[in-house]
Amino acid sequence: MMIFGWVMQISWAQSDPSGKRRVTSSFAITNATVIKSPGDPGSKATVLFKDGIITGIGVGLSIPKDAQVISGDSLYVYPAFIDGGSNIGISKPKEAERPKDLVTSNPPDEFAGITPWRLATDFYSNTSTQVDEWRKVGFAMTQIIPDGGMLPGKTALVSLGDPKSIAIIQANVAMAANFRGSRGMYPGTVAGVMAKFRDVYQNSTLALEHEKMFASAAGVKRPQTTPTQLAMGPVVQRQLPILFTANSELEVRRAISLQKELGFKLILTGLENYDSVIDLIKNSGTSVMLKLQVPDDKSIKSQKEEGVTEATKAQYTRVKEAYDNSLKQAANLEKAGVSFGFSTLDTKASDVHKALSTMIANGLSEKAVLAALTTNPASVLGISRIAGTLEKGKLANLILATEPLFKESSQIKHVIVDGYVFDYEVKKKANSAPNSSTKPENTAITVEGTWEYLSETPAGSSGGEITIKKENGVLGGSITYDDPTGSGKASAPIKNVTLTGKNLSFEFDIAAGGMSFTVTVSGEVNGKSMEGNLSVPQMGSFPVKATLSSPSQIN
Amino acid sequence: MKKIFYLFLAFFGLGCNFSQAQVQKGSVLIKNATVLTVTKGNLESADVLVQNGIITQIGKNISAPNGVQSIDATGKYLMPGIIDAHSHVALDVVNEASAPITSEVRMKDVVNPFEIGIYRALAGGVTVSHAMHGSANVVGGQNATLKHRWGAKDPADIIMQDAPRTIKFALGENPTRVHGRGNGIQPRSRMGVEAVIRNGFNEALQYKKAWETFAAAKNTKGNTLTPPVYSERLQTLADILDGKVIVHCHSYRADEIYMLINVAKDFNIKKLVFQHTNEGFKVAPEIAEYTMGASVFADWWAYKMEVYYSTAFNAAILQRNGAITSINSDSAELIRHLYHEAAKTQRYGSLTDEEALAMITINPAKQLGIDDKVGSIEVGKQGDLVIFDSHPLSSYAVPQMTFVDGIKYFDIVADKDDQRQLVIATEMVEPIYLRANEEAHRCMQDVEIYLDAFDVAFLKENH
């Protein structure tokens, strides 16, 4: 039903001046090793699919005349991945201009990060470069989460398929929620967010009660249900689950305690540290999506061998221990019998392979990994009937890899989404061990263009744009930031911009109330993203992340 | 057969797999100590037996029941666990500073059992702390009373579940600075603070009335009355009016202390404790007559204009006027030597040993509404105890062991260099602050954003 969009487009398009129309929508992958579902050891078979639907898997199938044949002799076929929660292709909603008389102690919902009426699909673009980045590593579907504050809006399930097709598989999958306060207004902290969450929830319940009375009896005053309460209706009626982003153990506990108190359906996503709450997750029966990432090992690598005291060495040991334990968490979750999915929110597509192989090296079974990427999220998202495994009648979402998927040297050659075949370049196997570490990096780092950044401070998150350009060989530009006097954005020139290797740093001045501060930003650039710190004198240093949203054209 | 089954469960650690983890309780016999009961005098070389978290016997020649560990405290002093009536230790958030009244905010939501400050407090003999919301708002959030069960991973396990509800109020410069000067809303002055409180309570009365009216009409035939708007903010204020919540009010000046007493009288609020109360000595009889007393610093003032008129005799004057008086820390550093702070009342005010010790034990227990459970060494009370090497009011006193519910959570002999419970995998070493100022006073934490640049730069003291 949901795939009609593109099926019609292909079947009935009469002419194709662009010359890009497909010759056929019927395909056959012949004689490949097919792994139909997690735990399947795989066997040689032919896979047929047409119009985006798998029409047959087996040995000795006759290949339809109109089918394009993909020779699968050396290839391994897997069900494509399903992402439990992401911001793939999602743009930030435009910030509404603050009214001059905005009361920060009781702001309108929109300014307080409470926008449950928003739909992720309104902010999604399937032509975003992220779509291809994630498809390339094997993802065919994702639950997109709208960007915003404590209740940013409703998630949707989309297909990472042909850019010309309609991407939405299902709108209104879950209501997203965060423990993120809004900057400089109520609710500003986790404590405020939890209190406000209860308030929104209870009043949405009462609004329903009021509407019911109004519908059934005369003389009842007219209900004045707010857009927030209207959108929260399905949540308080337990029809729509809440997808709570909870990174840490304490956040997991907070979300589950709210759930116990109020009774909504809960899915947790973005889990990073959860070792001590595995029992709680299990006993509460909450569905979880782990952040598809392993912690960086900078602190391990920076440990010095010599010239350190015994006390420092003891601390090193504890950090190492903590690091090792964090890698084992997913395996522990599997051991406890909890099934889980993955969320790619705030992770990089290029790190996926490493994250998965690290988890496997630390005890997670390959079966559990594949389940976490296919059948588990399919079950949580309610799409097991159409996706998650390779079966006749299910969507033709497949991965074709050169070797068993989780092998270090395995490469993805094709990803098929909705029956569309996407080809990816496969590098020739190196004969000897890669010696890339000795090779100088010859890719120039580009920082010029417009960056979008977000910084997390104890008072909430704040962000803006950084514009970097080179003039007369010197880097410079400007930055926008939330005006500390409380309304809208302010802008300042950036100075002392330096780019050494991958490290970008610059400074800017904030003037407020006759005072001026110099803020220092420094971070490491990786492709189009930067991660680092933003430090403010007397207030401390806060993590900052930026992405190069529109790079300058290099002449 | 049953027994074997339970043993089996316990052996495999399955016994505590229930969603509501059971708080651990222990048994211990402490022998031959000088027991400072605080409420029932001192006992020379006496024994105290704790069984399953409760003090069951105090006396001489008590023999340890089967399986109960016996600790020889000959030549040492045993006192009740120290109670800090004003702390921000183990809180992830201190201020929801965005509105003048935030009574719906619960500090219990943001308790962080991993914070090393809990262990450091235990090393100073503190077993119970009052984890308060900050002083940015006229009516702040609801506080959490914590039991320092170090090692617990579930915040619920360090919250003293049988303690009554308390809430933070704040008068004077902090709320007027954040809301009036910083944000251009009421209150801008001390008069505004009073107005905010009175308006809040009046609204709460209307709120309560609205719900009562609705509840009465709801099930009558042909009812057309719809449910009122839900507000935990007003509900909490109504609960204060109904005597269900103890108010702990940040205050300095005598005039505003007296103001709040009058407001409390007008609204028939009986459960009121003043915090800081530097000018309490000027209104000590009034505090004694109408309130649950004052929780003060021993000798700390002049960090902002309203705190200049102060004296180290404050605690003694309040005490001798009959006010319940406690000495608090409001600081992750001071919390480690509250016994020393209490001793200052002997230098300034010549209080007796018992009076001075009461200031950090039974008196704060009374102010938190938990004096029937902790705060002294009595049969039937919870086994929160500290062993000192010398008299705790001596300048040379060092805590040796600290027990909560009969379980030892601190032992100076077993004190490791690195006692962290939670180590971050991606951080080399967490920052350690040697100077108190850098991490201590958190009454105004999380509020920078609401202040103007001048305040952030120059007014660094934040109580």
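This is a tour of a predicted model, stop by stop.

Residues are numbered from 1 along each chain as its sequence is written, and chains are lettered from A, with ligands numbered from 1, in the order in which they are written. Because the model is predicted, local features need pLDDT of at least 70 and side-chain atom pairs count only at pLDDT 80 or more, while totals for chains, interfaces and linings use all residues.

**Domains of chain A**

Select residues 83-94 and 102-418 of chain A for domain 1, then 441-551 for domain 2; these bounds come from an automatic or database domain assignment. Over C-alpha atoms, the centres of the two domains are 27 Å apart. Eight residues of domain 1 and seven of domain 2 make the contact, where two residues are in contact if their C-beta atoms, placed from the backbone, lie within 7 Å.

**A sheet in chain A**

Next, show the open sheet of six strands in chain A, ordered 8-11-12-13-14-15 with mixed pairing. Strands (E, at least two residues) and helices (H or I, at least four) are DSSP runs, numbered from the N terminus; two strands pair if DSSP finds at least two bridges between them. Strand 14 (residues 287-291) runs parallel to strand 15, with four bridges. Lys291(A) is opposite Ser343(A) of strand 15.

**The cores**

Now select Val47(A), Val77(A) and Leu78(B), the residues with the most contacts inside the largest nonpolar core, which has 239 residues. Such a core is a set of buried Ala, Val, Leu, Ile, Met, Phe, Trp, Tyr and Cys residues joined through C-beta atoms within 7 Å; buried means that 20 or more other C-beta atoms, placed from the backbone, lie within 10 Å of a residue's own. Helix 3 (residues 190-216) of chain A gives the most to this core, eight residues. Another core, of 18 residues, lies apart from it and includes Tyr453(A) and Phe506(A).

**Where the chains meet**

Show both chains: 56 residues of chain A and 47 of chain B are in the contact. Helix 3 of chain A supplies the largest share of chain A's side, 13 residues.

**Helix 4 of chain B**

Finish at residues 190-218 of chain B, helix 4, with 29 residues. Its buried residues are Val193(B), Val196(B), Ile197(B), Gly200(B), Phe201(B) and Ala204(B). Among what covers them are strand 8 (139-142) and helix 3 (173-183) of chain B.

Terms used
Expected span 1.5 Å × (residues − 1). Buried ≥ 20, exposed ≤ 12 C-beta atoms within 10 Å, placed from the backbone.
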